[in-house]
Amino acid sequence: MDTTIDRREFVRIGACAGAATALALAVGCSSAGTAKSDESEVETPSFKYGEETGMSKRVLVGYATRTGSTTGVAEAIGRTLGERGYAVDVKPFRDKPSPGGYDAVVVGSAINGGAWLPEAIGWVESNSSVLRDVPTAAYCVHSMNGGADEKQTRKRTAYLDKVRDAVTLAAEGFFLGKGPAADDSSLIARWAFKAFGGTAEGDARDWDKIKAWAEGLEL
Ligand SMILES: Cc1cc2nc3c(=O)[nH]c(=O)nc-3n(C[C@H](O)[C@H](O)[C@H](O)COP(=O)(O)O)c2cc1C
């Protein structure tokens, strides 16, 4: 296997490592109770929304989280789809849900190091043959590159590159999650976070935006 990397790749890896370091620094400087770095400590509940009648379409909303904020986003998407008349299961990829029997799938993950969490991209890749036959939408929960300028838009769009390689997406959603907050992280940590493109300040989840996205999904 050729293990050499070109300069662009080196810079890209460096940028991701820098972003992860800034985030780890920022999150690591948070008070112990607000950010759990051990994924086994974070709860990953399942939810059901809407009514299963013979007429209703079944939708699976999958999610992956490290520190918990994506769970609420998945829940909000599921609740909105339930209100639209779909029968919705919200499930964590950690439980390896089967996509069989669903009429549509909405997949999402927290962003760490410039990409989806491994269990989320792993699930999409291993179920791609099923997902190609049903409408599939994807969302990201991130705290950097939330700006409207060309550079941040390009970096944000790239968060879904691997997902697009595996499946054709009917819709894409990018939602700010939780960044370091003024009251629980140091000035240096927040500076480092901003220097690497950090946009979210504290809990930046925009529930109206998330709901509007789910209301507009054509599944
Ligand atoms: C180690 C680490 C790396 C991260 N890397 C990125 C990143 O590359 N880009 C980004 O936009 N956000 C990044 N984030 C921010 C998270 O995506 C954001 O905090 C999100 O809300 C986390 O979702 P979760 O609470 O569901 O895990 C990172 C966070 C951590 C802790």
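This report describes a predicted protein model, its ligand shell and one of its helices.

## Basis

Residues are numbered from 1 along each chain as its sequence is written. Local features need pLDDT of at least 70 and side-chain atom pairs pLDDT 80 or more, while totals for chains, interfaces and linings use all residues, and side-chain values use heavy atoms, without hydrogens and water.

## Overall build

The protein has eight helices and seven strands (DSSP runs of H or I with at least four residues, and of E with at least two, numbered from the N terminus). Of its 219 residues, 46% are buried (under 20% relative accessible area, with exposed meaning over 50%; 1.4 Å probe, protein chains only).

## Ligand shell

The ligand has 20 residues around it, and Thr65, Thr67, Ser69, Thr70 and Ile111 come nearest (a residue counts if one of its heavy atoms lies within 4 Å). Strand E4 (104-112) is among the elements that supply at least two shell residues each; the share of E4, three residues, is the largest.

One lies 2.4 Å from a side-chain N or O atom of Thr67, and a backbone N or O atom of Ile111 is 2.6 Å from a ligand oxygen. For Val141, a backbone N or O atom is 3.3 Å from a ligand oxygen.

## Helix H7

In helix H7 (residues 187-195), Ala189, Arg190, Ala192 and Phe193 are buried. These residues lie on the same side of H7 because they cover an arc of only 160 degrees around the axis, taken from the directions from the helix axis to the C-beta atoms. Leu187, Ile188 and Trp191 are exposed on the other side.

Note on methods: Polar contact = N/O pair within 3.5 Å; in protein donor to acceptor, adjacent residues only side chain to side chain.
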